[in-house]
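Subject: Handing over a structure, with notes on what was found

Dear colleague,

I am passing this structure on to you, and the notes that follow are meant for someone who has not looked at it before. Please open the structure first and keep it in view while you read.

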Amino acid sequence: MANNEDLFKQIIAHAKEYGFIFPSSEIYDGLSAVYDYGQNGVELKNNIKQYWWKAMVQYHENIVGLDSCIFMHPTIWKASGHVDAFNDPLIDNKDSKKRYRADVLIEDHIQKIEDKINKEVEKARKRFENFDEKMFRETNGRVLQYQKQIDDIKERFATMMNANDLAGLKSLIEELGIVCPVSGTRNWTDVRQFNLMFATKLGSVSDGADTIYLRPETAQGIFVNFLNIYKTGRMKLPFGIAQIGKAFRNEIVARQFIFRMREFEQMEMQFFVKPGEELKWFDYWKQTRLQWHTDLGIAPENYRFHDHEKLAHYANAATDIEFKFPFGFKELEGIHSRTNFDLSQHEQYSGKKLRYFDPESNENYIPYVIETSIGVDRMFLAVFSNAYTEETLEDGSLRTVLRLPAKLAPYKAAILPLVKKDGLPEIGQEIFDKLKKEFMVQYEDKDAIGRRYRRQDAIGTPFCITIDNQTKEDNTVTVRERDSMQQYRLPIDSLVDEISKKIR
Ligand code: ATP
């Protein structure tokens, strides 16, 4: 059984070998933290986006879509606070010359103490039945000590982050004895702030050219279109605006494949509500978004909420949905109650009123906002890594299978004539032409059938349809299911209905 690091490497290799994800500009040795999606990757990615869009826009009568531009007026980023405060604290190790995020070094240290607690709990569970984590935390001295350490670090860390206390962060790293994973030394530079936005010039490169930014989030495009959509869509509170689009961040450390990229895609929705009702809606979106994830059939224990203890000054509630990636639980999606901060800022900076007229109370006010924000690429990694399975079959052979949720799989079915003669390819082509109008299907007639099955397993195709000599007699085909490898015969005429039913 591979350890988690090896498993993650295998997943990355698999993504490349089977046409899901390639390093960008690979023939020029790649570009750090930028990736391209190949022929299978683009299908999976599009299916994720469609699954989100349907759940958010199609299934909610009060949520509409938007496609705003990547380039926006530079003042937007001043108003939103990104010019002054969209920073990460960076620190370098003088020996390895490697650069780190100071906050991530501390968070990883906290995680290591958490791991120690989990180990203690596991040990106790082996000894006593029905011994749960809560009981253990209450009774074991060692665990209490670890917990106290964690609470203490967390409290000091949050205070430093809020106060922008860079010297404090460096002292904390030194005090905790955190070493560089590469050099193993504690020879750190001072902590500096680093703005994550990419800047470029609009217009010809002349004196008058304006500095503009590649958007670091899609949300601001929604806020600055609030009035347009409210008026032209005759929207009534509560209502939402959803958008999928590219975002860019000059991340300091981007080493975890598509988990942290410099160019990535977000699916964001801002839900505008009456002031005072935001916490009710925050809870609604917390549950609704978690449900969206678990509806895919991925085991619920892979998800957990991480409520923010210290909130940004404009937020009155915030949580992350964390997912158990191969490298541990990490943020997959953020849900934030952002009060009326963004619209108020844009009102102030633009001089335009961004208010809602409430026909019931006859008042004008700036709505409050609940945001749900998830990275498409992070979602891709969650689904992909969860689906990746290696199993030993009864005959001792090894099978690699992507157990993707059927509705997200790049291809829903593969059409495979058993042999490339006796009229079987022609029947296969006919079935392909019929099925392709309903969903993505693949036709393949090269190699032995077993090898073709394995190739389809490796890209996550839920159904293989095999045409053999019996097909010529009774118009039935063999359907092989990816996960169970079970096989049964079905009439050709029922394929569309049966497969559609199973995918749904
Ligand atoms: P992190 O703490 O991991 O840097 P964040 O809190 O900065 O994330 P948000 O600004 O809340 O993230 O962005 C919303 C979502 O966008 C995240 O939950 C994540 O799914 C995605 N995301 C953010 N940054 C990146 C990135 N560099 N690469 C890929 N996805 C990202």
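Which element gives the largest share of the shell around the ligand? Before I answer, please bear in mind that this is a predicted model. The answer is β13, from which 5 residues of the shell come.

**The ligand and its surroundings**

The ligand is surrounded by 17 residues, and the closest of them are Glu251, Arg260, Met261, Glu331 and Leu332. Sorted by kind, the residues of this shell divide into 7 charged, 5 polar and 5 nonpolar. In the side chain of Arg260, an N or O atom is 2.7 Å from an oxygen atom of the ligand, and a polar side-chain atom of Arg249 lies 3.0 Å from an oxygen atom of the ligand. Two or more residues of the shell come from each of the elements β10 (263-273), β13 (328-337) and β16 (368-375).

Strand β10 also holds Met269, which counts as buried because its relative accessibility is 0%, where the cut-off for buried is under 20%. Between Met269 and Ile335 there are 9.7 Å in space, C-alpha to C-alpha, although the two are 66 residues apart in sequence.

**The protein as a whole**

The C-alpha trace spans about 75 × 65 × 55 Å along its principal axes, and 50% of the 504 residues count as buried.

In soluble globular proteins, nonpolar side chains tend to be buried together. In this model the largest nonpolar core has 57 residues, of which Phe20, Trp52, Trp285 and Phe380 touch the most other members. Helix α13 (residues 376-387) provides the largest share of this core, with 8 residues. The core draws at least three residues from domain 1 (4-86 + 196-384) and at least three from domain 3 (395-503). Another core, of 24 residues, lies apart from it and has Ile91, Ile113, Tyr146 and Trp188 among its members.

In helix α15 (residues 449-459), the buried residues are Ile449, Arg452, Tyr453, Gln456, Asp457, Ala458 and Ile459. After α15 comes Gly460, which has a positive phi near 85°.

In sequence Lys112 is 38 residues from Ile150, while in space the two are 9.9 Å apart, C-alpha to C-alpha.

Gln429, which has its place in helix α14 (residues 424-435), is partly exposed, with a relative accessible area of 34%. Gln429 and Tyr443 are separated by 14 residues in sequence and by 7.4 Å in space, C-alpha to C-alpha.

**Backbone points to look at**

Most residues other than glycine have a negative phi, and most peptide bonds are trans. With that in mind, please look at the places below.

- Leu237 and Pro238 are joined by a cis peptide bond, with omega at about -5°, and Pro238 has its place in the loop between α10 (226-232) and β9 (239-248).
- Asn475, in the loop between α16 (469-474) and β22 (476-481), has a positive phi near 55° and is a residue other than glycine.
- Met485 is not a glycine either, yet its phi is positive, at about 60°; Met485 is found in the loop between β22 and β23 (487-491) and counts as partly exposed, at 27% relative accessibility.

With best wishes

Key. Residues are numbered from 1 along each chain as its sequence is written. This is a predicted model: local features need pLDDT of at least 70, side-chain atom pairs count only at pLDDT 80 or more; totals for chains, interfaces and linings use all residues. Side-chain values use heavy atoms; hydrogens and water are left out. A residue is near a molecule or strand if one of its heavy atoms lies within 4 Å of it. A polar contact is a pair of N or O atoms within 3.5 Å; within protein, one must be able to donate a hydrogen and the other to accept it, and residues adjacent in sequence count only if both atoms are side-chain atoms. Helices (H or I, at least four residues) and strands (E, at least two) are DSSP runs, numbered from the N terminus. Ala, Val, Leu, Ile, Met, Phe, Trp, Tyr, Cys and Pro count as nonpolar, Asp, Glu, Lys and Arg as charged, and the others, Gly among them, as polar. A nonpolar core is a set of buried Ala, Val, Leu, Ile, Met, Phe, Trp, Tyr and Cys residues joined through side-chain atoms within 4.5 Å. Buried means under 20% relative accessible area, exposed over 50%, partly exposed in between (1.4 Å probe, protein chains only). Domain bounds come from an automatic or database domain assignment.
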